[in-house]
Amino acid sequence: MRILIVNVNTTPSITESIGAQAAGAAAPGTEIVPLTPPFGAESVEGNYESYLAAVAVMEAVRAYPEPFDAVIQAGYGEHGREGLQELLEVPVVDITEAAASTAQFVGRTYSVVTSLDRTVPLIEDRLAAAGLNSRCASVRASGLPVLELDRDPRAAVEAIAQEAVRAVQDDRAEVVCLGCGGMSGLAERVIERTGVPVVDGVTAAVTTAESLIRLGLTTSKVRTYAPPRPKTMTNWPPR
């Protein structure tokens with residue numbers, strides 16, 4: 001099987017990190033294809049950048065020339081999953097929803113540790129829209145910009161681990177979700193600090209996508225995710 005995993009920002013090193021984490025979680029015989037959007041922001045940390053990323057991710061998938069069996073949107077709390085589901089019949093998995101769903105199998109409550117505080121409302125809204133917020137103890141911010149996770153991994157681990165410990169001690173979380181695609185690969189070190197299960201959204205999304213493929217499930221085309229109606233698109237795609 002072939003799974004596309006699409007970074008929501010345009011930083012190649014983050015795409016490489018996400019791709020490597022996904023490949024490490026994939027079963028034998030699963031091909032992971034990491035994609036970088038053709039346009040957009042170098043990091044996504046707010047609504048404007050998120051909406052722009054949603055369009056860019058859809059265009060990256062539309063332009064991919066080979067067959068594929070599933071798509072993973074590797075942005076935590078980002079917009080666009082619903083649009084991809086309209087465009088595609090194959091399963092579409094968002095790392096936000098994959099992480100939260102997985103967390104609920106191994107604990108009663110979970111917390112998300114993300115990057116900047118301004119991204120917290122986006123994540124809360126995505127969890128609420130997906131019906132996954134009732135067991136969310138908190139969404140906490142480490143205070144580190146997304147690109148800082150890539151530049152200074154040691155400081156990133158410390159900041160994330162500190163918030164994860166607070167989530168467990170103060171918010172009574174039983175599981176921690178890493179709330180950024182750029183945090184891939186940090187789970188083991190956060191487990192050491194907290195003593196609770198830590199869910200990496202990228203790896204959770206890979207195993208979820210593989211399961212959906214093996215079950216032969218596709219995206220429902222009744223009502224909500226019906227294909228876009230044929231119509232004239234003015235000046236789109238841009239040239």
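**Close-up views of salt bridges and a buried glutamine**

The structure holds 10 salt bridges. The model is predicted. Side chains of opposite charge can pair when their charged atoms come close. The views below take up some of these pairs, then turn to a glutamine.

**View A. Arg 62 pairs with Glu 59 in a salt bridge.** The closest N and O atoms of Arg 62 and Glu 59 are 3.2 Å apart. Both residues belong to helix α2, which spans residues 47-63. They sit 3 residues apart, about one turn of the helix. The partners fall into opposite classes of accessibility. Arg 62 is exposed, at 51% relative accessible area. The cut-off for exposed is over 50%. Glu 59 has a relative accessible area of 16%, so this residue is buried, as the limit for buried is under 20%.

**View B. Glu 163 and Arg 166 meet through their side chains in a salt bridge.** The N to O distance is 2.6 Å. Helix α7, residues 153-170, holds both Glu 163 and Arg 166. Their spacing is 3 residues, about one turn of the helix. Glu 163 is buried, with 13% relative accessible area. Arg 166 is partly exposed, at 34%.

**View C. Arg 81, Glu 82, Glu 97 and Arg 126 form one network.** Salt bridges that share partners join these four residues. One of the links is the salt bridge between Glu 82 and Arg 81. Here the closest N and O atoms are 3.9 Å apart. The cut-off for a salt bridge is within 4 Å, so the pair counts. Arg 81 is buried, with a relative accessible area of 8%. Glu 82 counts as partly exposed, at 29% relative accessibility.

**View D. Gln 104 is a buried residue of helix α4.** The helix covers residues 95-106. Gln 104 has 18% relative accessibility, so it counts as buried. Which residues does Gln 104 contact, leaving aside its neighbours within four places in sequence? They are Tyr 110, Leu 132 and Arg 135. Arg 135 is 31 residues from Gln 104 in sequence. In space, the two are 7.7 Å apart, C-alpha to C-alpha.

How values were computed
Residues are numbered from 1 along each chain as its sequence is written. This is a predicted model: local features need pLDDT of at least 70, side-chain atom pairs count only at pLDDT 80 or more; totals for chains, interfaces and linings use all residues. Side-chain values use heavy atoms; hydrogens and water are left out. Helices (H or I, at least four residues) and strands (E, at least two) are DSSP runs, numbered from the N terminus. Buried means under 20% relative accessible area, exposed over 50%, partly exposed in between (1.4 Å probe, protein chains only). Contact means heavy atoms within 4.5 Å.
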